[in-house]
Amino acid sequence: MATIFSVHPDNPQSRRIQEIKEALASGAVMLYPTDTVYAIGCDLNSKSAVERVRQIKQLANDKPLTFLCSSLSNVATYASVSDTAYRIMKRLIPGPYTFLLPATKLVPRLVQSPKRKTTGIRVPNHSVCLALLAALENPIISTSAHLPVDKEDEEIEVDIKDILSRVDLFDRLDNLVDVIVDTGEEPTYEVSTILDLTGEEPTITRRGLGWEEAVAWV
């Protein structure tokens, strides 16, 4: 059974953030809200926790995982950022964007795309996420909390009628995660916009929240 931490969404209590940080540093897996969807996450550098996240989401090892960074300068530690990528990211972060970038050696292989050696990074516009990143001083894995639904052994897309309330989502994941961060925010199913910044020309590979603004800079 997970430990639930009630945290203010705009002014997160430092004591609560510290308690969650200590759990993450010890290898905990958490359910938490972001500026897009509720996510399952852990300390990027905890191999056992990352493996558990993959198991929960039923992800093969060739499926990369996105992670959160605290700032653009922090992103540059974990990815190679070209001048073009820097200009675009500087305009869009923090916000609901995932940037595909060439990974540095600091990104664990278990997280990055094994073939392309790329990684997905976000800088969220969410007070609780940023407070946790500052406290942990490591990036945090961020993969959607929507679990695969079995239908002839295939993962199917979540239909609007299948959206869970916050309480139902907590109940569903209670036995799978160690920590639940409860800000009182209800789950949404509006995903981030994905920008591929690995090539010479930046491209939008998925239109999600904020894609109209992203178009202006790509």
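**View 1. Elements that cover the buried residues of helix α6 in this predicted model.** The buried residues of α6 are covered by elements that include β2, β3, α2 (47-57) and β11 (179-182); helices (H or I, at least four residues) and strands (E, at least two) are DSSP runs numbered from the N terminus. In α6 (residues 166-173), the buried residues are R166, L169, F170 and L173, where buried means under 20% relative accessible area (1.4 Å probe, protein chains only). Because they fall within an arc of 100 degrees when seen down the axis of α6, these buried residues line one face of the helix, the arc being that of the directions from the helix axis to the C-beta atoms.

View 2. The antiparallel strands β3 and β8 are joined by 2 bridges, and I40 stands opposite T143 in β8.

**View 3. Surroundings of T36.** Within the loop between β2 (30-33) and β3 (38-41), T36 is buried, with a relative accessible area of 10%. Leaving aside residues up to four places away in sequence, T36 touches P96, R122, T188, E190, V191, S192 and L209, a contact meaning heavy atoms within 4.5 Å.

**Notes.** Residues are numbered from 1 along each chain as its sequence is written, and side-chain values use heavy atoms, with hydrogens and water left out. In this predicted model, local features need pLDDT of at least 70 and side-chain atom pairs count only at pLDDT 80 or more, while totals for chains, interfaces and linings use all residues.

Notes
Buried < 20%, exposed > 50% of the residue type's maximum accessible area, 1.4 Å probe, protein only. Pairing = 2+ DSSP bridges.
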